[in-house]
Amino acid sequence: MSPLLELNGLGKRFGQVTVAEALDLTVGAGDAVGIVGPNGAGKSSLFAMVSGDLKPDSGTVMFDGVDVTGAPAQQRCRAGIGRTYQIPRPFEKMTVFENTLVAATQGGGLHGQAAYDHAASVLELSGLAGSANARAGSLSLLQRKRLEVARGLATGPKLLLLDEVAGGLTEPEVLELVALIRDVRAGGVAVVWIEHVVHALVRTVDRLLCLAGGRFVADGTPDEVLKDPAVLELYFGVGPETGPLSEGAEEPDESLEPPAQTAAPLTDGGLRR
Amino acid sequence: MTTLEHLPFHAAVVRSGKAPKATGGLLAAAVVILAALPYVAFTGATSAMVTFFVLLIMASMWNLLAGFGGMVSVGQQAYVGVGAYTVLAFANLGMHPFLALPLAALTCAVFAIPTSWLAFRLRGDYFAVGTWVIAEVYRLVIIRFDSLGGANGKSLPGLSGMDPVLRGALTYWAALAIAALTVTGCYLLMRGRTGLALTAVRDDETAARANGVGVTWSKRLVYLVSAAGCGAAGGILIIDSLSVQPNAIFSVQWSAYMIFIVILGGIGYLEGPLLGAIVFFVLQQLLAGYGSWYLIILGLIGVAGAVWLPHGLWGTITRTTGLQLFPVGYLLRTEPVTGKTAGKTTSPKRRIGSST
Ligand SMILES: Nc1ncnc2c1ncn2[C@@H]1O[C@H](COP(=O)(O)OP(=O)(O)OP(=O)(O)O)[C@@H](O)[C@H]1O
Ligand SMILES: [Mg+2]
């Protein structure tokens with residue numbers, strides 16, 4: 001059986017910035033994979049190449065045994081790739097329910113009552129049932145993030161790509177989200193989750209990757225990766241203003257983002273914003 | 001294909017929102033009353049109303065195009081012109097001009113297919129300018145045909161023998177029928193599955209794609225439909241004036257009217273072009289005697305509307321009152337009716353997503 005998602009030698013540059021350099025990644029059905037990495041490492045760009053928003057310069061994206069490298073985003077969505085956006089992109093003038101209904105009918109291919117039921121049930125699961133008839137444009141950032149997850153689920157994905165959905169959430173909200181994603185995963189959906197809120201990831205994923213400068217610098221269980229010298233250096237390392245651990249810099253790499261904003265401890269809550 | 005399983009509850013969905021139940025009846029009554037107008041009013045009045053219907057058709061089409069498809073075209077006069085010339089061409093062949101109206105719409109839809117391949121390669125401002133250029137190209141091609149009157153235009157054969165009063169009434173009914181068809185068609189399109197997808201495209205193309213919407217397909221559909229509608233409007237115009245003049249029929253003023261009406265009425269609302277066309281028509285009638293002041297006042301109103309009513313007249317009304325004439329939304333009843341299994345609080349395991 002072919003893996004659910006297989007990236008082979010994915011490469012992408014924006015001018016001088018390399019966001020992906022020969023990336024290889026395999027995700028099996030039902031896997032839960034976390035991705036960490038400094039700002040500008042290329043994490044969101046990686047999702048964009050998987051979901052079809054961004055064309056890679058080189059390499060292939062295989063999904064469910066099919067080469068989808070040239071396939072448009074809607075086709076990948078219908079094939080089972082659901083995604084959320086780091087900066088939420090709700091259909092602002094539509095209601096919250098209509099947002100998930102679009103995903104259920106178009107991405108999920110559902111019709112009529114079945115679509116209504118599904119669209120309503122993902123709202124219930126994501127804690128948005130109370131705002132179902134509100135205009136999505138009126139939602140708070142937290143609710144918009146929930147709507148991203150709800151819409152991603154409404155497409156009936158086999159693979160759900162979550163891009164920093166826990167940022168800015170309070171501790172109880174993070175736990176709620178973790179419970180939701182664990183349930184989603186228990187339902188057989190594979191999850192790839194980009195997150196700076198590392199403790200949420202650790203509770204959810206079996207495998208953690210660290211992306212920096214367009215390359216995976218670490219790959220393993222969350223424990224292994226969080227102890228990995230390359231990762232520690234990225235987060236506590238280089239540069240004079242980044243704190244006491246900076247003397248341990250062993251592998252200077254110009255392609256890494258200066259970790260000015262990411263220099264908080266890994267176990268801290270939201271590193272950003 | 002993924003299989004989707006649901007929570008065991010039944011989502012009760014209402015389609016009407018705060019719409020008055022009588023809307024359908026109200027509009028049907030309006031059409032009936034309007035249809036009776038030729039029996040009670042003079043031809044001057046019905047002839048003015050033909051202009052109103054043409055404006056309503058064009059504005060509805062532009063609203064679909066720009067308000068829902070996100071395609072800000074200033075080249076819809078291409079199809080107004082092609083529609084008019086299609087009626088002329090078929091009339092030259094001996095067909096009754098009124099019967100050529102559906103063919104005008106069809107021809108425009110066919111012409112729109114290759115045109116869309118070209119125009120869709122352009123984004124934003126380039127699309128707007130590109131559509132204008134395309135319309136000019138259509139004009140330049142058509143004036144090369146001497147059988148269509150060349151650069152001077154031509155009068156329409158086939159109707160000269162008809163009693164003017166009867167011809168006026170028939171023109172009026174044809175315009176009314178096409179306007180009613182256009183408004184109803186837009187409503188049905190937007191109320192259905194495709195309409196929901198189009199609304200998503202209007203709000204965010206990228207997110208629509210990522211959620212499974214075939215954005216290009218939806219846009220092409222809208223582009224073809226609006227070409228057809230403008231073609232029918234062009235057909236009415238040539239029948240109404242009994243002649244065609246290429247510079248006038250391919251004039252960018254048609255696009256200017258469409259834009260003015262839709263922006264004033266409320267872009268992205270089905271009611272917008274209807275309200276906008278009424279206001280525009282009334283203004284036109286009131287100011288007709290004021291010469292160039294007419295244009296200055298229209299311009300001032302346009303600017304004032306854009307500044308103080310960013311959502312247009314209807315957008316302002318519906319935002320403050322919640323009123324909808326054409327309910328296309330989906331209202332979820334706040335308390336879902338729980339199905340066989342009572343507790344919704346049970347773990348949602350294995351209910352979401354794929355089970356392949
Ligand atoms: N469309 C684009 N054009 C040019 N540069 C881009 C584009 N998209 C992303 N970039 C650049 O590519 C780099 C990687 O961006 P990306 O959003 O993938 O990072 P990220 O790892 O998700 O960061 P963050 O943690 O801040 O979300 C950044 O330097 C960004 O400025
Ligand atoms: Mg990102």
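The model is predicted. Ligand 1 has 15 residues around it. The protein buries 62% of the 640 Å² that ligand 1 exposes when taken alone. In chain B, the topic is helix α11, residues 253-265.

**Shell around ligand 1**
- Among the 15 residues, those that come nearest are A:Gly40, A:Lys43, A:Ser44, A:Ser45 and A:Gln86.
- By type, the shell holds five nonpolar, seven polar and three charged residues.
- Two elements of chain A, β2 (17-27) and α1 (43-51), each supply at least two shell residues.
- α1(A) gives the most, with three residues.

**Polar contacts of ligand 1**
- A:Ser44 has a side-chain N or O atom 2.7 Å from an oxygen atom of the ligand.
- A:Gln86 places a polar side-chain atom 2.8 Å from an oxygen atom of ligand 1.
- A:Ala41 takes part through its backbone: a polar atom there is 3.2 Å from a ligand oxygen.

**Helix α11 of chain B**
- The helix has 13 residues, and at 1.5 Å a residue it should span 18 Å.
- Its end C-alpha atoms are 18 Å apart, so the span agrees with that expectation.
- An α-helix has 3.6 residues a turn, so residues three or four places apart point the same way.
- B:Gly266 follows α11(B), and its phi is positive, near 130°.

Key. Residues numbered from 1 in each chain as written. Chains lettered and ligands numbered in written order. Predicted model: local features only at pLDDT ≥ 70, side-chain atom pairs only at ≥ 80, totals over all residues. Heavy atoms only, no water. Near = heavy atom within 4 Å. Polar contact = N/O pair within 3.5 Å; in protein donor to acceptor, adjacent residues only side chain to side chain. Areas by Shrake-Rupley, 256 points an atom, 1.4 Å probe, with all protein chains shown as cover. Helix = DSSP H or I, 4+ residues; strand = E, 2+ residues; numbered from the N terminus. Nonpolar A, V, L, I, M, F, W, Y, C, P; charged D, E, K, R; others polar. Expected span 1.5 Å × (residues − 1).
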